[in-house]
Amino acid sequence: MGDYTLAGRASHEIEVKHSRFLALAAPVDSPEAALAFVAEVGDPAATHNCWAYRIGELYRSSDDGEPAGTAGRPILSAIDGQGLDQTAVVVTRWYGGINLGAGGLVRAYGGCAAECLRTARRRPLIEYVECTLQFGFADTGVVHAALAAHGVEKLDERFTAAGAHLRLRLPASRLDELGEHLRDATRDRARLASTAADTDQPR
């Protein structure tokens, strides 16, 4: 899985022995979004609309009538080869009258997709975690200072007689650092517990 996704849509076009190949790529955050993109940009009048997507551990590809393994898999390999995640690519072919053979198809589909992705603008994917934090009212000032210092997003806040309960979201890479900061600032009175993780763009 890659550390980046696309910053927006991208395209690249090549011609190989009179066949025209157009690669269109987009960032997607679910299989449904990937398939919606395929449906949107595929040309019903073209000879083939081959595609692939990668979303974390989830991936799919389609040769759309080309010989098995000559289109969808090379497109998926291009996504992985460029270190991308949450990415879908459609390569549309308009047949030019000359057969390319299996090797030629792999090079054309894979090469067109790879060049499209290589030149596209990208943005980092960040793994976020959600966590809960409990602390007494006496520590409110130092806790809020610590949260601000670590770029923490507050999702929920509630109060009881014993103190405050917060639900937080922050980059996974900063969780340990925040925990140490809170331990030192509250003399180990604050209770931080991780609950879930997800991958998303910076907010």
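How exposed is Glu-157, and what does its relative accessibility make it count as? Glu-157 counts as partly exposed, at 32% relative accessibility. Keep in mind as you read that this is a predicted model.

Let us turn to another residue, Glu-153. Glu-153 is found in strand β9, which covers residues 153-160. Glu-153 is partly exposed, because its relative accessible area of 29% falls between the 20% and 50% cut-offs. Now try a comparison of sequence and space. Glu-153 and Asn-99 are 54 residues apart in sequence, and from C-alpha to C-alpha they are 56 Å apart in space.

## Other salt bridges

How many salt bridges does a search of the whole structure find? The search finds ten. One of them joins the side chains of Glu-40 and Arg-9, at 2.8 Å from N to O. Glu-40 lies in helix α1 (residues 31-41) and Arg-9 in the loop between β1 (4-6) and β2 (10-16), so this pair ties together parts that are 31 residues apart in sequence. Glu-40 is exposed, with a relative accessible area of 52%, and Arg-9 is exposed too, at 53%.

A second example brings together the side chains of Arg-118 and Glu-115, with 2.7 Å from N to O. Here both residues lie in helix α3 (residues 101-119), three residues apart, which is about one turn of the helix. Glu-115 is partly exposed, with a relative accessible area of 25%.

Which residues form a negative surface patch? They are Asp-176, Glu-177, Glu-180 and Asp-184. Take Asp-176 as an example and find it in helix α5, which spans residues 175-186. Asp-176 is exposed, because its relative accessible area of 60% is over the 50% cut-off.

## A buried arginine

Is Arg-93 buried or exposed? Arg-93 is buried, because its relative accessible area of 5% is under the 20% cut-off. You can find Arg-93 in strand β6, made of residues 87-94.

What does Arg-93 touch, once its neighbours within four places in sequence are left aside? Its contacts include Ser-19, Arg-20 and Phe-21, and also Ala-46, Thr-47 and His-48. Among the others in contact with Arg-93 are Glu-66, Ile-98, Leu-100, Leu-105 and Tyr-109.

## Two residues with positive phi

Asp-64 is not a glycine, although it has a positive phi of about 40°. Its place is in the loop between β5 (58-62) and α2 (72-81). Asp-64 counts as partly exposed, at 34% relative accessibility.

Asp-188 also has a positive phi, near 70°, in a residue other than glycine. Where does Asp-188 lie? Look in the loop between α5 and β11 (191-200). At 39% relative accessibility, Asp-188 counts as partly exposed.

Note on methods:
Residues are numbered from 1 along each chain as its sequence is written. This is a predicted model: local features need pLDDT of at least 70, side-chain atom pairs count only at pLDDT 80 or more; totals for chains, interfaces and linings use all residues. Side-chain values use heavy atoms; hydrogens and water are left out. Patches are made of residues with over 30% relative accessible area and no salt bridge: like charges are joined within 9 Å, nonpolar side chains (Val, Leu, Ile, Met, Phe, Trp, Tyr) within 5 Å. Accessible areas come from the Shrake-Rupley method with a 1.4 Å probe; for residues, only the protein chains shown count as cover. A salt bridge is a side-chain nitrogen of Lys or Arg within 4 Å of a carboxyl oxygen of Asp or Glu. Lys and Arg count as positive and Asp and Glu as negative; His and the chain ends are not counted. The place of a charge is taken as NZ of Lys, CZ of Arg, CG of Asp or CD of Glu. Helices (H or I, at least four residues) and strands (E, at least two) are DSSP runs, numbered from the N terminus. Buried means under 20% relative accessible area, exposed over 50%, partly exposed in between (1.4 Å probe, protein chains only). Contact means heavy atoms within 4.5 Å.
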